[in-house]
Amino acid sequence: MTKTFAEEVVEFNRNLHYSGNLPDDFQVLNPYLDNPETMIVMERFYHKYYNDFNNRKFLIGINPSRHGAGVTGVPFTDTKRLESVCGIKMESAHTHEVSSIFMYDVIEQYGGAENFYQDVYINSPFPLAIVRKSKGSWINANYYDDKELFSDVKNFMIDCLKKHIILNIDISEVFVLGKKNADFISKLNNQANLFEKMTVLEHPRYIQQYKSKEKQWYIDKYIVKIKTP
């Protein structure tokens, strides 16, 4: 019996582990190991929205933030929207994440979470949170922030993208969030020949922080691009 999309994603997340090299002052956080409830709410989310065999479009982020998927296990979803939109309450954590606000505005105008998630799968080439030490404390980091870091994680990212593809992803066009992210995904794509076409969309954090007055224009852009056959 073939596994559903949900079962495949849950299995991927259950087995997620990075054991490769990292430069000094960088760490990888695995929410599924750090908080047992993350695994529970993540499973509930995917069984609620992905318990089917649909072919989906792929939105590719950078890597999870500590306050979004780094806690909930669900990309671009903080605990506020996990509860208020998806109806899944997380008891052990309470997070607010800037990118999640924009993404759920898109989801609402797309037609709601059920309609959006039956068409779209979101994840990242590096699906675990990365932090770096700065002035004695740990802050969010992106996989491309450091040349050595990218070199260390590159093969792991290609492997993760290949595992996402076999979930039943439409590889004819994928949507990459963030222009700098797209530059690096292009390098991976050139090496591994993963996707036929890459369409770049501005990253939700960038829109929320710097383009909030034009937010509706970006929401419309997301929806038009994703819904275009």
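**The whole chain**

Begin with the entire protein in view, bearing in mind that the model is predicted. A cartoon display shows 11 helices and seven strands. Along the principal axes, the C-alpha trace spans about 50 × 45 × 40 Å. A compact globule of 229 residues would have a radius of gyration near 17 Å, and the protein agrees with this because its own value is 17 Å.

Next, colour the residues by accessibility. Buried residues account for 54% of the 229 residues. If a surface is drawn, the protein exposes about 11000 Å², of which carbon and sulfur atoms supply 46%. Contacts can also be displayed: among those between residues at least 6 apart in sequence, 74% join residues at least 24 apart.

**The three-stranded sheet**

Select strands β1, β4 and β5. These three form an open sheet in the order β1-β4-β5, with antiparallel pairing. Residues 26-29 make up β1 and residues 137-141 make up β5; both strands stand at the edges with a single partner strand each, so one side of each has no neighbour in the sheet. From one strand to the next, the twist averages 40°.

Within the pair, select Arg132, which stands opposite Ile139 in β5. In general, the strands of a sheet pair through backbone hydrogen bonds, and these may be displayed at this point.

Is Tyr143 buried or exposed? Tyr143 is buried, with a relative accessible area of 0%, a value that falls under the 20% limit for buried residues. Show the residues around Tyr143: those it touches beyond four places in sequence include Ile62, Pro125, Ile130, Val153, Met157 and Phe184. Tyr143 and Phe184 are 41 residues apart in sequence, while their C-alpha atoms are 9.5 Å apart in space.

As a general matter, nonpolar side chains in soluble globular proteins tend to be buried together.

Then centre the view on Phe116. Apart from neighbours within four places in sequence, Phe116 is in contact with Leu59, Val106, Ile107, Tyr110, Ile122 and Ile226.

**Two residues with positive phi**

The last stops concern the backbone. Most residues other than glycine have a negative phi. Select Asp25, in the loop between α1 (5-14) and β1. Asp25 is not a glycine, yet its phi is positive, at about 75°. The relative accessibility of Asp25 is 47%, so this residue counts as partly exposed.

Finally, move to Asn193, in the loop between α9 (179-192) and β7 (198-201). What is the phi of Asn193? Its value is near 55°, positive in a residue other than glycine. Asn193 counts as exposed because its relative accessibility is 66%, and exposed residues are those over 50%.

Technical notes. Residues numbered from 1 in each chain as written. Predicted model: local features only at pLDDT ≥ 70, side-chain atom pairs only at ≥ 80, totals over all residues. Heavy atoms only, no water. Pairing = 2+ DSSP bridges. Helix = DSSP H or I, 4+ residues; strand = E, 2+ residues; numbered from the N terminus. Axes fitted to C-alpha atoms, helices over the stretch in contact; angles between N-to-C directions. Buried < 20%, exposed > 50% of the residue type's maximum accessible area, 1.4 Å probe, protein only. Contact = heavy atoms within 4.5 Å. Rg over C-alpha atoms; globule rule 2.2 N^0.38 Å. Areas by Shrake-Rupley, 256 points an atom, 1.4 Å probe, with all protein chains shown as cover.
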